[in-house]
Amino acid sequence: MQNFTPTNFGRDNQLRTRMWVTMLLLGGVYGLFVWVLWGLGYTPWLVAVGLLVLVQLWLSDKMVLYAMRAKVVDEAAYPRLHAMVAELAMGAGIPKPKVAVSQMSAPNAFATGRSVKGATVAVTTGLMDLLDERQLRAVLAHEISHIRTRDVVVMTYASFFSMVAATLMSWLFWSSLFGGMRRRSNDNSGNVMMLVYLVTIVVWFVSQLLVAALSRYREYAADRGAAVLTREPLALASALQRIQGGLSGVPRTDLRKAGSANAFFIMPAVGDGFASLFSTHPTMERRILRLQEMERQLKQLG
């Protein structure tokens, strides 16, 4: 058997720097949050936060799959899908990830995992019905690239931090709502609760900004990785166009169900909130222009 040499992707120092900075800043933000809770004497909340962090950290990748109703499938059920993932993983020089399928009409794909060895590539049935084999291969190459650069690991952890903040915001909201009668007899307690609630909102806001900033750049990096891996940048460009067109025909209720995993998708299922600050993806037009430029560069290289 001949030795196989994985594709040379080059080194993306900018992506590596962004990943390190994102995790360091997220760690600092949550360290500050714990310090505020400690200073205000909210020891029970610290215990709750600690337990929540441990549970969500352990289940972070599974939570993404659950949110998308994606289930790991064996090779007998989807042989062609497994074959493409195996071929692309070999080309990228990584272990073959698990393969999952979501029975959703919204055409999309994503990768998740807390390590390269434990990663999963997932696609929806809507995507497989919409794309031809060449386009599907390009999309899978995009997701494999996320795993190869390990940005999917960083995004899995970073997104779980945002989920923790969102969960705490919900807890504090309902606590303040049902604790309203008690606050009348103890205004100081109510003020402390409001302060903690405001700090939690700030933590969530900063988390969202950091996740969005990393996510936008990593999509460009994965597009480039897919182009290098398949040598067909225009296949991915045409796939992105078809996915965007396919999403426009999906009921809004189905798209909202997928919204919680927006940052992981190859194409956002729903809008990214107000303003471009929270956008998890660059515009499709910019992505396609970059892919077209890669096509020209490949032709020049012969």
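Student: Which residues touch the most other members of the largest nonpolar core?

Tutor: Happy to start there: this is a predicted model, where local features need pLDDT of at least 70, side-chain atom pairs count only at pLDDT 80 or more, and totals for chains, interfaces and linings use all residues. Residues are numbered from 1 along each chain as its sequence is written, and side-chain values use heavy atoms, without hydrogens and water. A nonpolar core is a set of buried (under 20% relative accessible area, 1.4 Å probe, protein chains only) Ala, Val, Leu, Ile, Met, Phe, Trp, Tyr and Cys residues joined through side-chain atoms within 4.5 Å. In the largest one, of 44 residues, the answer is Leu127, Val139, Leu140, Ile144, Ile147, Leu236 and Ile243.

Student: Which residue in β4 is the bridge partner of Val101?

Tutor: Strands are DSSP runs of E, at least two residues long, numbered from the N terminus, and two strands pair if DSSP finds at least two bridges between them. Strand β2 (residues 98-102) has four of its five residues buried. β2 pairs with β4 (residues 120-124) in the parallel sense over five bridges, and there the partner of Val101 is Val123.

Student: And which residue in β2 is the bridge partner of Val72?

Tutor: Here the pairing is between β1 (residues 70-72) and β2, antiparallel over three bridges. Within β2, the partner of Val72 is Ala100.

Student: Is His281 buried or exposed?

Tutor: His281 is in the loop between α10 (252-258) and α11 (284-301), helices being DSSP runs of H or I, at least four residues. Its relative accessible area is 4%, so by the under 20% cut-off His281 is buried.

Conventions: Buried means under 20% relative accessible area, exposed over 50%, partly exposed in between (1.4 Å probe, protein chains only).
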